[in-house]
Amino acid sequence: MACQSVSAVMDEQALLGLDPNADARYRQRAMAYFEQLKESQDAWEVCAEALANGIYNDDHVKFFCFQVLEHQIKFRHAGLSSVQQQLIRETLMKWLQCQLMNSQPEKPFIRNKAAQVFALTFVMEYLTLWPKFFFDVLSLVGLNPLGVDIYLRTLMAIDGEVVDRDILHLPDETRRNTLIKDRMREECIPNLVESWFQILQTYQHSHPELTCQCLEVVGAFVSWIDLNLIANDRFVNLLLSQMSVEELREEACDCLFEIVNKGMDPVDKTKLVESLCQVLQSAGFFNVEQEEDVDFLAKFSRLVNGMGQSLVLSWTKLAKTGNVKDTAETLQAVETKVPLLLQLLVHEDDDISANIVGFCYEYLHVLKQLPQLTDQQKTNIEAIMLAVMKKLTYDDEYNFENEGEDEAMFVEYRKQLKMLLDRLAQVSPELLLEAVRRVFTNTMQTWQTASFMEVEVAVRLLYMLGEALPASHGAHFTGDTAKTSALQDMMRTLVSCGVSSYQHSSVSLEFFETVLRYDKFFLVEPQHIPNVLMAFLDQRGLRHSSPKVRSRVAYLFSRFIKTLHKHMTAFIEDILTRIQDLLELAPPENGFPVLLTSDDQLFMFETAGVLIVNGESPAERKQALMRSLLLPLLDAFRLLLAKLARETEDERQAVLADCLSHAVGFASRTSKAFSNKQTVKQCGCTEVYRDCLQTFLPALSCPVQRGALRSSVRSFLHRMIICMEEEVLPFIPAASEHMLKDCEAKDLQEFIPLISQITAKFKQVSPFLQQVFMPLVLAIFGVLSRPADDNDQAAALEKQMLRRSYFTFIQTVAGSGMNEVMANQGAENIERVVFTIIQGAVDFPDPIAQKTCFIILSKLVELWGGKDGMVGFPDFIYKHIVPACFLAPLKPTFDLSDAQTVLTLSECAITLKMIHLKRGPEFIQYLQQEYLPSLQVSPEISQELCQVIQQPDVKVLKNYIKAFFQRAKL
């Protein structure tokens with residue numbers, strides 16, 4: 001009900017647009033009206049009047065009015081007159097008074113917004129205009145439940161504005177917040193605490209939601225108020241009684257957690273935790289197995305975790321002080337919580353278990369620091385180990401084929417358990433090794449009849465030992481005899497007991513993961529390699545019924561072969577025969593399901609390449625094997641390319657292009673097998689890859705699906721430049737010609753690194769580079785000069801990246817020692833290119849590109865700026881390069897506080913230094929008599945700069961020039 005009614009003049013038409021279902025025209029008008037009210041000096045007062053007098057019943061209008069008020073307080077408070085500030089205070093109190101008289105509370109979203117506005121007003125005015133804020137609110141509200149609700153929401157909003165550490169504040173706000181908290185501690189916190197006690201006591205049975213709100217407030221404020229106001233018999237007994245009330249117990253638990261978490265003296269903290277534990281234990285809360293409410297137990301587990309971690313922190317602080325008595329008592333307090341810790345850790349509900357992991361981890365860290373462990377502590381370690389092993393086990397409901405949120409949460413929980421296992425290994429590696437060995441051996445003896453969960457976790461534990469027990473580069477089978485013999489025994493059992501045949505995908509995956517983790521085992525006992533190879537190759541691995549297993553095994557197999565390639569000589573041709581069907585290019589038109597995806601096949605081609613290249617066969621045999629591997633790809637490629645040229649449907653074209661790209665990618669991947677010891681030439685495979693190039697390059701001139709085809713062929717060329725050395729060079733000119741036709745920014749951007757790679761690798765490409773240089777540069781200019789929409793950010797970014805790639809290319813050419821490439825382009829072309837470098841250095845606010853441009857200018861000065869340099873270049877230096885060195889840093893966009901820009905400035909300084917090196921006193925004279933006076937630089941500063949340029953150490957110039965431009969910009 002509204003308190004009373006007076007007319008406030010608001011734009012009723014605009015208010016209609018506040019309804020979420022209103023049409024766009026009204027919504028637009030409402031937005032415009034909102035902006036008008038926000039920015040007006042006094043029009044917002046109609047909103048204050050509407051709220052104070054309860055004029056509108058529409059929730060959206062009420063919310064709107066609070067938003068307008070919020071804007072005034074947040075952004076315009078200082079500019080309001082004292083009368084207007086008083087109006088806001090009165091509005092809020094009148095609105096609050098109306099709430100007390102209403103039969104129904106406002107909607108939660110309105111109450112939350114009101115609380116926010118109350119909190120903002122408090123923050124702005126408590127220290128100055130409204131010191132009695134809480135007195136006024138509490139006097140008005142009393143114990144009226146509707147008023148108490150707003151009061152508690154306001155306190156949580158104040159916590160958000162003043163206390164919450166997760167919210168970033170400006171330094172001024174932080175200082176203000178500190179003053180507010182200090183004033184509150186002095187003047188009103190005891191009254192607030194008393195009000196909380198009254199609320200908790202009064203409403204615990206009749207209004208559980210208010211009681212929970214109040215408990216949340218206590219938990220939020222306890223971190224910065226005097227703890228004795230809360231941690232006393234009266235308050236704690238009330239909280240404990242609420243731990244037994246179903247609707248309140250979770251919130252009461254959270255409140256106790258915040259009390260325990262409060263920073264304080266270690267001895268006092270131990271006493272607080274111990275007294276709390278005593279009361280909780282005597283009230284029966286430690287009897288975890290009798291509690292059926294898992295949501296409450298999850299909160300209780302978090303509370304015990306907080307208490308445990310607090311005790312560990314106290315012990316750590318006390319141990320540093322050398323206080324033997326208190327340290328021992330605190331350690332004893334920690335130890336007495338371990339039985340409860342174990343009950344919670346092993347609980348069947350993973351949330352309850354996960355909440356105690358932190359304390360468990362810290363406890364193990366304590367044990368690690370002790371000089372000697374007692375029998376009880378060793379028993380505790382074993383109990384934690386068993387709990388971890390039990391909790392690592394999958395449950396029946398885990399969906400392996402369609403993993404959802406629950407499965408993802410279990411995977412995360414398993415990661416936490418793994419941390420515990422790693423910590424156990426640090427505390428007592430012998431105990432862990434023995435425990436895992438016992439579980440593993442027992443399970444492997446009965447794997448045929450055991451559940452998949454038991455078998456998976458047994459293998460998983462062996463796998464986890466690999467990370468938990470330290471070993472340099474996976475060398476688990478050298479050094480410590482006890483460890484190596486235990487691991488060797490387990491691995492021998494794993495690969496010989498037949499568990500790889502277990503019919504569950506999780507066991508299959510774990511088997512192969514473990515085989516790879518301990519691949520060095522097979523160097524020690526190579527007799528097991530044939531069995532494991534068969535497992536990889538048959539229905540247990542690459543032909544498993546699960547696509548997920550097949551996919552992972554393809555990767556693991558490639559890693560396995562890479563590690564053990566020296567032991568594969570006897571099996572190479574057998575393996576290649578067995579995987580032949582997995583190396584076929586999946587034809588785009590047959591709808592048959594394939595065993596491996598194209599990504600998985602990449603690993604298979606790499607594996608085949610590694611087997612062929614690293615075998616002990618003569619070069620002719622390697623060539624024959626590589627040819628039989630790649631020939632089917634090349635034949636399929638030719639057929640598909642011809643088909644693509646004839647295809648008219650876009651969708652079919654895309655499918656064919658995709659298939660062609662895979663073929664190129666597969667061939668490319670085989671080349672990863674070569675190394676400095678085993679080159680393409682030494683293996684006799686040059687001819688095979690030359691055939692690949694001849695087959696793939698025609699795809700560059702295909703009129704459709706150019707992007708995909710060019711990209712894959714370009715990647716292949718990158719690989720061939722590395723592997724085939726100069727044998728690739730005859731193919732580059734034709735490839736370049738095709739790639740420069742009708743290209744987009746992205747094509748050029750990706751083509752430039754190819755040319756740069758060739759330039760850097762081969763000195764003999766100078767004639768080709770001279771030939772391709774201007775066509776490439778002109779293609780880049782053409783793309784950069786195309787008009788683009790100002791708002792098209794993607795196009796702007798593409799151009800920026802292309803510009804950077806272009807400058808990097810010029811830098812590569814200039815720095816490659818092939819001076820003649822640019823020098824032979826003709827005066828007009830050279831001038832055009834160098835002008836783009838000047839433009840890049842000065843005009844584009846991109847410090848990465850600018851830095852590259854100054855590196856190029858410095859290099860060109862070095863090449864052409866001396867006495868025997870290029871004719872006319874010294875003039876160019878004085879007319880264009882010297883001004884660039886001053887105009888670029890003077891630009892407003894040149895931000896000297898940005899690290900990347902400072903690097904650009906350093907290159908600018910190096911360019912000036914290089915000009916001096918090449919031109920000598922003539923340059924100094926030009927600066928002093930002509931250039932610097934034209935910039936209105938005083939003769940003193942001018943002389944100072946010239947002296948610094950003449951000093952041998954360039955660092956001096958770099959430091960000076962930064963200060964020079966900082967002064968110039970003031």
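1. Ser942 touches Leu927, Gln928, Leu932 and Val937, leaving aside residues up to four places away in sequence; contact means heavy atoms within 4.5 Å. Ser942 is found in helix α45, residues 939–950. Helices here are DSSP runs of H or I with at least four residues, strands are runs of E with at least two, and both are numbered from the N terminus. With a relative accessible area of 4%, Ser942 is buried. Buried means under 20% relative accessible area, exposed means over 50%, and partly exposed lies in between, using a 1.4 Å probe and protein chains only.

2. On the source: this is a predicted model, in which local features need pLDDT of at least 70 and side-chain atom pairs count only at pLDDT 80 or more, while totals for chains, interfaces and linings use all residues. Residues are numbered from 1 along each chain as its sequence is written, and side-chain values use heavy atoms, with hydrogens and water left out.

3. Gln936 is found in the loop between α44 (921–934) and α45. Gln936 has a positive phi of about 65° although it is not a glycine. At 70% relative accessibility, Gln936 counts as exposed, whereas Ser942 in the following helix is buried.

4. A positive phi is also found at Gln705, at about 55°, and this residue is not a glycine. Gln705 lies in the loop between α33 (686–696) and α34 (706–723). Its relative accessibility of 26% makes Gln705 partly exposed.

5. Leu631 is found in helix α31, residues 619–646. At 38% relative accessibility, Leu631 counts as partly exposed. Leu631 and Val688 are 57 residues apart along the chain, and their C-alpha atoms are separated by 8.6 Å.

6. Next, the aromatic rings. A pair of aromatic rings is described by the distance of the centres and the angle of the planes. Rings of Phe, Tyr and Trp (its six-membered ring) pair if their centres lie within 6.5 Å; planes under 30 degrees apart count as stacked, over 60 as edge-to-face, and the rest as tilted. By this rule the model holds 51 aromatic pairs. One of them, Phe521 with Phe522, is edge-to-face, with 5.1 Å from centre to centre and 75° between the planes. Phe521 is buried at a relative accessible area of 0%, and Phe522 is also buried, at 0% relative accessibility. The pair of Tyr926 and Tyr931 is stacked, because the ring centres are 6.3 Å apart and the planes stand at 20°. Both of these tyrosines, Tyr926 and Tyr931, are buried.

7. Two arginines have their charged ends over phenylalanine rings: Arg249 over Phe296, 3.8 Å from the ring centre, and Arg302 over Phe257, 3.8 Å from the ring centre. A charge sits over a ring if NZ of Lys or CZ of Arg is within 6 Å of the ring centre and within 35 degrees of the ring normal.

8. Cavities are defined on a 1 Å grid over the protein atoms alone, as sets of points where a 1.4 Å probe fits but cannot get out; lining residues have an atom within 4 Å of a point. Grid points are joined across faces, edges and corners, and a volume is the space filled by probe spheres set on the points. There are two cavities of 30 Å³ or more.

9. The largest cavity has a volume of about 40 Å³. Its lining consists of Leu96, Phe118, Phe133, Phe134, Val137, Val141, Ile150, Tyr151 and Thr154. Helices α7 (133–141) and α8 (145–163) each supply at least two of the lining residues, and α7 has the largest share, with four. The lining divides into eight nonpolar residues, one polar and no charged. Here Ala, Val, Leu, Ile, Met, Phe, Trp, Tyr, Cys and Pro count as nonpolar, Asp, Glu, Lys and Arg as charged, and the others, Gly among them, as polar.

10. The second largest cavity has a volume of about 30 Å³. Val813, Ala814, Met818, Asn819, Met822, Leu860, Leu863 and Trp864 line this cavity. Which helix gives the most to this lining? That is α41, with three residues. At least two residues each come from α38 (793–814), α39 (819–823) and α41 (847–864). The lining has seven nonpolar residues, one polar and no charged.

Terms used
On a 1 Å grid over the protein atoms alone, a cavity is a set of points where a 1.4 Å probe fits but cannot get out, and a pocket is an open set with protein on both sides within 12 Å along at least five of seven lines; lining residues have an atom within 4 Å of a point.
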